Amino acid sequence: MPSISVRAAGAPHRFGLLAAFWLALLCTTSACAAEKLVLAVSRSPLSLPLYVAEERRYLAEEGLEAVLVDCIGGHRCLRQVLEGRADVATAGELPVVFNGFERSDYAVLATLVTAADDVKLIAHARSGIARARQLAGKRVGLTLGTAGHYFLDSFLLTAGVDPRSVSIVGLQPEQLLAALQAGTVDAIVAWEPYAYEATKALGMQATVLPSSGTYLQTFNLVSGRVQLQARHDALVRMLRAVERAERYIAEQPAQAQAILRRRLQMEPAAVDAIWPGLSFRLRLDQSLITTMEGEARWAMREGHVKARSAPNFLLLVHAAPLHSVNPAAVSVAR
Amino acid sequence: MKIRTQLMAAVAFSATVGVLAAIGVAGTVRDEDRASDEQARAQVTAHEVSGLLVLTQEYARHADDRAAQQWRLRHGAIAATLARDDVRAIAGPTLKELRGVAQSMPPLFDRLEDLAGADDDFAARRKEVLLDQLLTSTQAMSDYAHQWYQEAAAARQRAETRFQVIALATPLVMLLLLTTVAWLVVRQVLRPMNRFVAATAAVADGDLSQRLGGHAEDELGELSRRFDHMTIALADSRERQHRTEKQLRDITEHLPALVGQFDREERCLFANRVARNYLGLDAAQMGTLAFRNVVGEDSYAQHEPHIRRVLQGQPSHFEGHIVRKGRDVHFQVQLVPQLDDAGAVQGFYAMTFDVTAVRQAELARARSEERLRQITDNLPVLIGYVDCEQRLLFANATYRDWLNVDMKTALGRPMAEVVGEAVYAPRRPHVERALAGQRAEFEQEIVTPAGRRCVRSSFIPDFDADGSVRGLYALSTDVTVLKDTQRQLQALARYDTLTGLPNRLQYGEKLPEALARAERSGHAIALMFLDVDHFKSINDSLGHAAGDAVLREFAARLKACVRQTDTVARLAGDEFVVILEDLHDESEAEAVARKLLARMAEPFQVAGRPVKVGSSIGIGYQPHTTGMAGGDALLALADAALYEAKSAGRNTFRLRDADRRGEGGARVSRLAPLS
């Protein structure tokens with residue numbers, strides 16, 4: 001009910017105001033100011049914890065002046081971190097893997113969420129694609145070096161289709177729908193909210209191929225090495241705020257969904273469709289390493305990278321801040 | 001709030017705390033057990049998953065059926081553990097993820113198995129992908145199991161902490177409650193009770209100024225207020241009692257009587273001031289002196305039988321007499337027993353009045369009364385007193401002498417009975433008049449043993465202070481002699497001594513009476529006025545004696561000529577009048593006139609020789625009409641007629657009718673023949 005949800009949402013807000021007030025008071029007396037933190041946040045439902053942390057002022061209450069910078073696709077957000085334009089990025093593990101072959105000046109702080117159905121393979125009806133095997137010889141648009149790329153290969157290989165028989169067309173997420181509509185590709189691999197937007201735009205012309213269970217994607221908070229050393233406290237506070245936001249999502253899913261709808265202009269049906277596959281739990285698991293190692297092997301095997309050996313992903317994971325916030329959330333070997 | 005309510009609330013609260021603690025402990029133990037179970041299950045699952053990881057890698061390396069079989073068995077075991085209903089997910093999302101990953105693995109493994117025989121490049125690539133997916137999933141399972149274990153451990157820790165909190169808090173709350181109840185009991189019950197006990201002890205010691213001043217709205221507050229009301233009432237009551245006692249003591253002290261209190265052994269316990277002064281007692285002697293010693297032998301002898309009586313519980317009183325300092329002393333004693341609550345005689349009170357003065361006054365009054373009695377009894381006057389009920393309350397001895405009243409029985413009886421109805425009836429209106437407040441005087445004839453008596457009575461009202469009449473004094477004196485004398489004198493004055501006829505005075509009485517009778521009867525009346533013709537010459541020639549003789553004879557003849565009922569009177573000298581009553585007409589009067597003239601014409605024997613005497617008669621006639629003439633008018637009419645008769649030559653009569661005066665006065669007048 002609205003009244004309950006407002007009250008439930010309002011109570012921490014008031015508490016937050018109070019905390020901010022004390023913090024402000026503390027800062028005026030000790031000549032400190034809120035610490036600025038630039039967050040490059042992928043425009044995705046998987047970034048919901050950061051939207052919540054901002055909207056509910058959890059970040060502010062942690063003394064952070066967080067600046068959320070929207071970017072389309074985690075690979076671009078990570079790019080901003082790598083280029084020093086942002087302190088923290090939200091990104092899937094694939095951009096971490098691909099960048100890992102070239103550099104090691106960044107690290108994953110924590111996994112925000114795991115998603116079972118975020119990435120979808122959508123074919124245009126005119127291509128006649130209804131099953132995986134029909135993809136052979138077809139043009140598939142996707143964003144290279146991202147979860148979409150790995151998803152398609154896994155999907156094809158699992159289904160017994162050689163990825164090399166499929167023409168991959170590298171496109172940015174925002175270009176996929178137009179390419180599909182224009183006929184320059186027969187199918188696209190897109191994640192939310194672009195997948196929903198595409199199916200909605202194509203209507204009856206869209207065919208979403210069943211792919212459940214193919215790929216359990218992770219979405220992570222990634223920061224540059226420089227920040228890991230210098231901004232440890234800020235990162236800890238950020239993680240604390242994010243964890244608080246994830247608790248809020250678990251306890252007030254309806255309010256959290258409302259925030260998501262508002263931030264991404266998503267329709268309720270779209271949110272309802274993906275919500276069950278999302279698991280918001282701040283963590284740093286060993287499986288992330290395993291996943292990235294598998295993905296690195298795939299990238300080398302399929303020739304997506306020239307490197308002959310996989311990087312040591314353990315070095316691309318920095319557990320200390322999360323350990324400070326919640327030791328139980330860290331199961332990665334350090 | 002009432003103490004009862006507070007205590008009930010405390011009991012209810014402690015019971016609630018106890019029940020909540022029990023529920024809390026039970027819930028905590030259950031949660032702890034459950035968390036412990038899940039922890040164990042997560043541990044087992046983690047162990048199974050690590051086994052699964054090894055089997056996956058082993059299968060990847062050797063691809064033998066044994067490894068595949070074991071993989072499936074182990075995966076089945078894990079799936080079975082996760083599918084159990086009692087796995088309730090302290091870690092809900094974690095378990096969900098775990099299950100989801102677990103469910104996604106068999107198809108991957110199936111595909112991997114399918115590729116066992118293939119050894120081309122594509123198959124190799126597929127195998128690697130599938131293997132990587134299986135390894136990743138297995139590692140994810142391991143992570144989830146670890147997370148599950150962590151969350152179960154945390155839940156267990158929370159349950160333990162809760163148990164510790166409850167285990168610690170419950171006794172603390174109970175202790176707090178006990179302390180509160182104890183504090184409440186001390187504050188609300190024991191302290192007020194202590195104050196109450198101290199106050200009641202003080203009241204018991206006679207201090208009625210104790211006030212608790214309770215304002216609390218509980219039972220003890222109410223009790224305190226009632227106690228205060230009670231002590232106030234007691235103090236008031238004691239104050240009144242003291243006042244009453246003081247008043248009684250003052251009264252007793254100043255009572256003009258000897259008041260004393262004595263115990264069963266007749267020892268004097270109290271004597272008032274009068275008694276102490278009179279008997280020469282000292283307050284210090286109280287309780288030691290015996291009654292006999294106090295009052296003296298003579299007095300004690302008179303008291304003694306009454307003291308015996310009062311010590312048996314009977315009040316007693318008597319009058320006594322002693323001679324003290326050569327003087328007669330009369331006293332009156334009241335003895336009242338002093339009884340305890342059980343009715344047993346503890347002693348007695350004695351109250352003695354000196355009644356000497358009273359007795360002497362009574363004696364003096366008795367003597368005075370006797371003197372008055374003697375005086376009144378010997379007065380020739382009836383002296384009595386009658387109350388407003390007309391009862392005779394006092395009567396002197398004259399009543400006995402005059403009215404033959406039995407003095408022994410007369411007093412107190414109604415007057416009518418005492419003196420007899422015949423005597424009393426004429427007196428009654430005068431009695432009533434006097435009892436109405438007006439003095440009444442009257443005369444009455446009574447018959448006494450000594451004969452008729454005429455008494456003059458005065459009834460004088462006896463007024464009460466408020467103006468009402470209490471009775472009357474009756475004084476009756478004997479006026480018989482006076483009356484007889486008066487009668488004789490009266491008779492003398494009404495008759496002509498020469499002729500024995502009624503004189504002018506009596507004529508003056510008789511004529512109005514006759515006129516009144518004529519008016520009543522309707523008969524006519526006539527007044528004859530007559531004189532002796534030439535009487536002066538008789539007197540002059542024959543002397544006064546002869547004149548007197550003529551007058552006497554004239555009178556006698558006149559009387560003889562008229563009826564007994566007719567009145568003949570001598571007015572003066574030779575003037576006579578006759579009143580004729582019951583006439584029917586003028587002729588009857590004229591007949592009488594003629595008869596008189598005839599009779600008077602006969603010679604009178606005067607000094608032995610005949611003397612001729614005549615008479616002239618004037619008649620005033622008054623027929624019965626509505627307007628009767630007065631006596632004087634009728635006489636004037638007769639006088640006028642007489643004048644006419646004389647003018648007519650005497651020895652005749654003339655008649656004038658009163659109704660015809662308007663015709664010139666004279667009317668038919670006939671000459672009467674003289675012979």
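## A tour of chain B

Select strand β11 (residues 524-533) of chain B together with β16(B): nine bridges join these antiparallel strands. Helices (H or I, at least four residues) and strands (E, at least two) are DSSP runs, numbered from the N terminus, and two strands pair if DSSP finds at least two bridges between them. This is a predicted model, in which local features need pLDDT of at least 70 and side-chain atom pairs count only at pLDDT 80 or more, while totals for chains, interfaces and linings use all residues. Residues are numbered from 1 along each chain as its sequence is written, and chains are lettered from A and ligands numbered from 1 in the order in which they are written.

**Around β16**

Pick B:Leu527; the bridge partner of B:Leu527 in β16(B) is B:Gly620. Next, colour β16 (residues 614-622) of chain B by burial: eight of its nine residues are buried (20 or more other C-beta atoms, placed from the backbone, within 10 Å of a residue's own).

**A five-stranded sheet**

Move to the open sheet of chain B with the order β7-β6-β10-β9-β8, where the pairing is antiparallel. Its edge strands, each pairing on one side only, are β7 (392-395) and β8 (440-448) of chain B. On average, neighbouring strands of this sheet are turned by 25° against each other, direction ignored; the axes are lines fitted to C-alpha atoms, and angles run from 0 to 180 degrees between N-to-C directions. Zoom in on β6 (residues 381-387) of chain B, which pairs with β7(B) over three antiparallel bridges. B:Tyr385 has B:Phe394 of β7(B) as its bridge partner.

**The side facing chain A**

Now show both chains. The contact takes 25 residues from chain B and 22 residues from chain A (C-beta atoms, placed from the backbone, within 7 Å). On the side of chain B, α3 (92-114) and α4 (121-204) each supply at least two residues. Which helix gives the largest share of that side? Select α4(B), with 18 residues.

**Where to read with care**

Chain B averages 86, and 96% of the residues score at least 70. Finish at residues 662-675 of chain B, where pLDDT stays under 50. Where pLDDT is low, the predicted coordinates should not be read in detail.

Technical notes
pLDDT is the predictor's confidence in each residue, from 0 to 100. Two residues are in contact if their C-beta atoms, placed from the backbone, lie within 7 Å. A residue is buried if 20 or more other C-beta atoms lie within 10 Å of its own, exposed if 12 or fewer, and partly exposed in between; C-beta atoms are placed from the backbone.
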